[in-house]
Each structure stands twice: as structure tokens, then as C-alpha cells.
Amino acid sequence: MEGLQKTPLFPLYERYGGKVVDFHGWSLPVQFSGILKEHQAVRTRAGLFDVSHMGRLEVRGPGALSLLNHLVTNQLEGLAVNQSCYTPLCSPDGGTVDDTLVYRMGEEHFLLVVNAANREKDLAWIQTHATGGHSARGVTKHADPTAGVSVADRTNEWALLAFQGPLAAPLLQSLTDADLSKVAPFAFLQHVRVADIPVAMLSRTGYTGEDGFELMVRHEDAARLWERLLEAGEPHGVIPCGLGARDTLRFEAGLPLYGQELSPEISPLEAGLGFAVKWEKGEFIGREALLRQKEEGVPRRLVGLEMLDKGIPRTGYPVFAGDRQIGRITSGTYAPTLKKNLGMALIRWEYAQMGQHLEVEVRGKRLRAQAVKKPFYRRQADRSL
């Protein structure tokens, strides 16, 4: 894997049995002990993921809130310090530039966690709107000196671990003096200690459909924190997990993957993310195009599909209603928790009613499927902490 970027946890992968693949230019483990085993661990106990490849972009200074609120579809004005929110970023035509979590670190200090494949594109997008130009060093200043906005790529300064599953909260609580019961979903703490290791940010967020936390830590402390979390969890069946389980878990939970459920050609409204588009906040990039979609009717909709015939609906497979192709599968797999072959498909709106019988072309053969509700899996709302 020469020439690929490596996270600070890369030296540990082999020790834990990691099978490494090229993932958007990063050497990352697709699995350790097996995708199904890791998936089940997260659903019933807890699993630990290295997600350090995700981009971390910092925007700060007077005017940072105004700038970001113009770039994203969600409302940042009411976001309190130590809270985060999920939001798409759109282009003027309503297509999706990326989807991101925005963390409010201070009044005019924000951190965006973006998709690894989009990091450089997102950085340039933010810089362009902050300055009207680009910076080779990845740090720029707002053209208006009274605004003083700086944009910086902090990805290579920090590691990011995701500890996910029903046992994540109690196990993490046993390693910290911070009161995790007071950390609501999408809230976070700054500058805490976990297993006596300094953690810059501890957030109740994740990408698995389970309760859990993400921990941002200095590069030099990442391996030690990884091992301490696994040591604490080992008696309870906690194991390291790779990209494969992360994908099957997010799929069951109906969470979108950029490049599949979202893209420059797919709007947040088509992807079912209308909850993250706040019309009342006023102008933002893409508002006019999205509003036009809303008023005229969204031409395509993302639906869940359950296979009635035996077969797995893979990404890109065409979907038919009679002899008419009406869309394509965006993601599909065998769902381990539900023990069903399921897919998400972007199809013409008139065929998106629940219970609609459709067909998916799998390896040249039409197989029967039925439109069903998403998410396919929803955890119980109660939390142990």
C-alpha cells in the first residue's frame, strides 16, 4: 500500500488482524475478525472504529457563523457551543457538495467533519466563499479584514475514534470522570480525559444507528487510547471493527453515503433529508433550486426495497416498473440484523409509494422487490447513560 495515506493507528492493524484496503487514498481496514461478527458486536455490545481518515476542517473568527450558515442548508444560528448538527452543503443547482457534521466549538469557532474523499474539494469550496480565492497552504483569511475568518485543514493533526454500541457509554464512563449522562445526542465535551489520556473532543455522535461516541485525540495519543478502550471492553466482547461493518451498520440505519445516496446530481430533498433544510433561515447556497424542487415536486425519491426473490440488490443495479426503468439501487446488501436482502433506490417519485411492487435487475435477471420504509433498523430509544 505504498503511496497511500495512513492514520496513526495503521501500525496496530496487523496486530488485531486487520485486512487493509485502499479507501479513497487511505490504507484502512475493511475488517478485523469478519464483517458479520463486527456488525453483531456493535448491535449487541460495542465496537471500536478508526475513522481518522475523515476530514476535519476548522472555520473560526468573526464572521465564521455567517459564512457557514450561508454554505449549509441547516440552521446554525441556534446551535449552542458544545453542540453539533448534521447538514448538507449544496451547490447553486441544488446538488450536494457533501454532507457533514458541524461542531460549534465556540461562538465563532466551528469544526466540520467531512467525508474523506471530499476533504480537498470541501476545503476549496469553503475558502472560495470566504475569500474569493484559494490557498496552497490550506489556510486563508477572509477578504474583509473586519470579518477575520480563517479556514484550516486540521485532519493530520488529530485522530478520530468511534466507540459504538449499547455498551459504549457505560464502558467509556468507567474510564472518565466526565458525566456522560449529561451528554445528549449531537452534544459534546471538550478537553476531557479518558483512561487518563487527554481527549480534545468527546461527542455523542456516530454512523452506526447505535448509541456511541466519537473521540478526537492527538496523533501521538491515538494508539494508546485505542488499546485502552479495547482492554476495557475485552471482557464484554468489544472488538475492533472495519469499513465493512461500518457500511452495513449505516445501511441498516438508513444513513446516506456520499457518492451513493448523495452526489452533485442528487439533492438533499431527493435523498429524504428535508429535515436538514431550513427554509426559514433565509438565503443559503442552493435555496432557490431546492425551493423550486419542493414547489414543483421532487422528481426522484430515495426508497427502501426488500427483495421478494432471492438476490442482493447491489449499487448501480437498475430498478424497473414493468418494462420501464425508473431508477437505480444506491446501496444494497444482506442486512445481518434483519436477515433480509435490502436496498436503497433512487426512483421516480410516482413509484415511491410504500408497498409498491418493483423489479431489480440482478446479473441480467429481473427479481421481485417491494418498497418498504426506511430506516430498516431503529434502535430502542433508551440509553444506559
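Predicted model: local features only at pLDDT ≥ 70, side-chain atom pairs only at ≥ 80, totals over all residues.
Author: Local features need pLDDT of at least 70 and side-chain atom pairs count only at pLDDT 80 or more, while totals for chains, interfaces and linings use all residues. Residues are numbered from 1 along each chain as its sequence is written, and side-chain values use heavy atoms, with hydrogens and water left out.

Reader: What makes a set of residues a nonpolar core?

Author: The members are buried Ala, Val, Leu, Ile, Met, Phe, Trp, Tyr and Cys residues joined through side-chain atoms within 4.5 Å, where buried means under 20% relative accessible area, exposed over 50% and partly exposed in between, with a 1.4 Å probe and protein chains only. The largest such core here has 37 residues, of which Leu161, Phe163, Leu172, Val194, Leu225 and Leu229 touch the most other members. Its largest share, five residues, comes from α6. Apart from it lies another core, of 35 residues, including Phe49 and Tyr258.

Reader: Why are α2 and α7 called oblique to each other?

Author: Axes are lines fitted to C-alpha atoms, for helices over the stretch in contact, and angles run from 0 to 180 degrees between N-to-C directions. Helix α2 (residues 35-44) and helix α7 (residues 243-252) pack at about 55 degrees, with axes 8 Å apart. Angles under 35 degrees count as roughly parallel, over 145 as roughly antiparallel, 65 to 115 as roughly perpendicular and the rest as oblique; α2 and α7 are therefore oblique.

Reader: Which residues meet between α2 and α7?

Author: With contact meaning heavy atoms within 4.5 Å, Ile35, Glu38, His39, Val42 and Arg43 in α2 meet Gly244, Ala245, Thr248, Leu249 and Glu252 in α7.

Terms used
Helix = DSSP H or I, 4+ residues; strand = E, 2+ residues; numbered from the N terminus.
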